[in-house]
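Here are a few notes to go with the model. Have it open while you read, and take the points one at a time.

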Amino acid sequence: MSLKSKILRSYFARREAAIDRFRRHPHRVQEQMLRERLRRGRATAFGRQYGLDGVRTAEQFRAAVPVFDYDAYRPFRERMLAGERNVAAPGRVTLFAKSSGTTSDRSKYIPVTRESLWGCHTRGVAALFAAAHPGSRVFEGKTLTLGGTCRREGSVLAGDLSAILIHETTFWSGWFRAPRTQTALLADFDAKCERICRECAGERITAFAGVPSWNLALMRRVLEYTGRSNLLEVWPELSLFVHGGVEFAPYRRSFEGLLPSESMHYMETYNASEGFFAIADDPARDDMLLLLDYGTYYEFRADDRTVVPLEGVVAGGVYALLVTSSNGLWRYEIGDRVEFTSTDPYRIRFAGRTRQYINVFGEEVIVNNTDAALARACARTGAA
C-alpha cells in the first residue's frame, strides 16, 4: 500500500466513525447543526434582523425566521455580492456558485463560504466508498475530474460549483486529481477534451467524477484519441465513477458499453450549489444516505405546505427541501424535491424540481417518474 493510501485510509476510518454516529443518532446530530448555525449567525445582519440571539430551539427558530426562496433572499444575496461583511454568514463571502434555475434570474448566485467549502463540499465520498469496498485500489491512482468554468466578477469568484472547488483546491492537483487545474477550468469544452486526452492518456486514472452527460462525451473523445475500443484498455485500473447532477439510469447502458467490467462501481452524489446533501453508501441500494453533519440543518415541506424537521418525515413521503447551512442560507427552499426511502437511517432519492411536476388531475407525476419511464423505454428498445 502506498503512503498516499495509508494516509487516506487513516482519515477514512475517522470519517466513517463520524458517519456511523449520525446514522445512529440523527436527531441529536441535527440539533447540534442547528445550534452551530445559530451560534455562527447571531452576530450577522440576518441574525440581528430575525432575533437569533433569543432563539434556542427548533420551534423558536421556525417561529422567528420565515421560509425563503431565491427571490425572497435577494436583499441578503446582493449585499454579499457587493462585498459587505457579516450579512448572513460571518465575514465576507468571495465565492458564488452559479446555477441555472427556474426563477426570474438567468443564473442563480449561491454563496459559498470558506466554512461550507471545507466543511461541506470537499468532504466527498471517499470514506463511504472505502468502507463499502475495503479491498479497492482506487486510491492508488487519480480521479479524472471534469469540472466547469469560473471567472472573476468584480471582487468575487463566480461560476460552476465544480470549477470553484477545483480552483480553490489547486494543491490537490497532481496527487489526487487530473487533469491540471488550468486544463480543468478551460471554458471551451472541445479544447478541454483535447488537452485532457493529451495529459491523461498516460496517467494512472482509477476513477472519474462529474456529470454523466459531459463525462460520456469526454470518454468517447478519449477512445477516438487513443484508438482503443473501451476505456479499460486505456486505464486498466479504472473502477469508480462518482456522478451527480442528472438522473443516471438513462446513461447507465452507455457507460457499461464503454466500461465492460463487473468491477466497475457507480456512486451517486447529491452535491448541489447549496450544499452536499447525500451520497449512495450501499452498493446494493439505489438511494442515498442523507448527510447530517455536513454543516446543514434540514427541514422539509410537504405538499400541504406543512414544514417539518427531520424527525417529522415518513418513509415514502416526498418533500421540498429547506436548508439552513454554513454558506449563509437560512430556511432556504432550494427548489428540489426528495423522496424518503428509509428513516433508519435516513435515505433519500432525488425526486425532481418543485416546479417540474404535473398534478392537474391528482396524478402527481414528478421528474423521478419520467426518468424511470425513460430508462425502461431505453432498456426495452435498445435506445441510448
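1. Which residues are buried in α8? Keep in mind that this is a predicted model. The buried ones are Leu 161, Ala 163, Ile 164, Leu 165, Ile 166 and Glu 168. Helix α8 covers residues 161–168, and since six of its eight residues are buried, the helix is largely enclosed by the rest of the structure. Buried here means under 20% relative accessible area.

2. Now for some empty space. Rolling a probe the size of a water molecule over the atoms shows where such space is left. The second largest pocket holds about 820 Å³ of it. Its lining is made up of 34 residues, and those nearest the centre are Glu 247, Phe 248, Arg 252, Glu 268 and Asp 286.

3. Where does that lining come from? Two or more residues each are given by α7 (126–132), β8 (240–243), α12 (249–258), β9 (265–272), β16 (346–353) and α13 (367–381). Helix α13 supplies the largest share, with seven residues.

4. Last, look at a pair of helices. Two packed helices are described by the angle between their axes and the distance between the axes. For α10 (residues 189–200) and α11 (residues 212–226), the angle is about 50 degrees and the axes are 10 Å apart. That angle makes α10 oblique to α11. The crossing of α10 past α11 is right-handed.

Technical notes:
Residues numbered from 1 in each chain as written. Predicted model: local features only at pLDDT ≥ 70, side-chain atom pairs only at ≥ 80, totals over all residues. Heavy atoms only, no water. Buried < 20%, exposed > 50% of the residue type's maximum accessible area, 1.4 Å probe, protein only. Helix = DSSP H or I, 4+ residues; strand = E, 2+ residues; numbered from the N terminus. 1 Å grid on protein atoms, 1.4 Å probe; cavity = no way out; pocket = protein on both sides within 12 Å on 5 of 7 lines; lining within 4 Å. Points joined across faces, edges and corners; volume = space filled by probe spheres on them. Axes fitted to C-alpha atoms, helices over the stretch in contact; angles between N-to-C directions. Parallel < 35°, antiparallel > 145°, perpendicular 65-115°, else oblique. Left-handed = near helix turned anticlockwise from the far one by under 90°.
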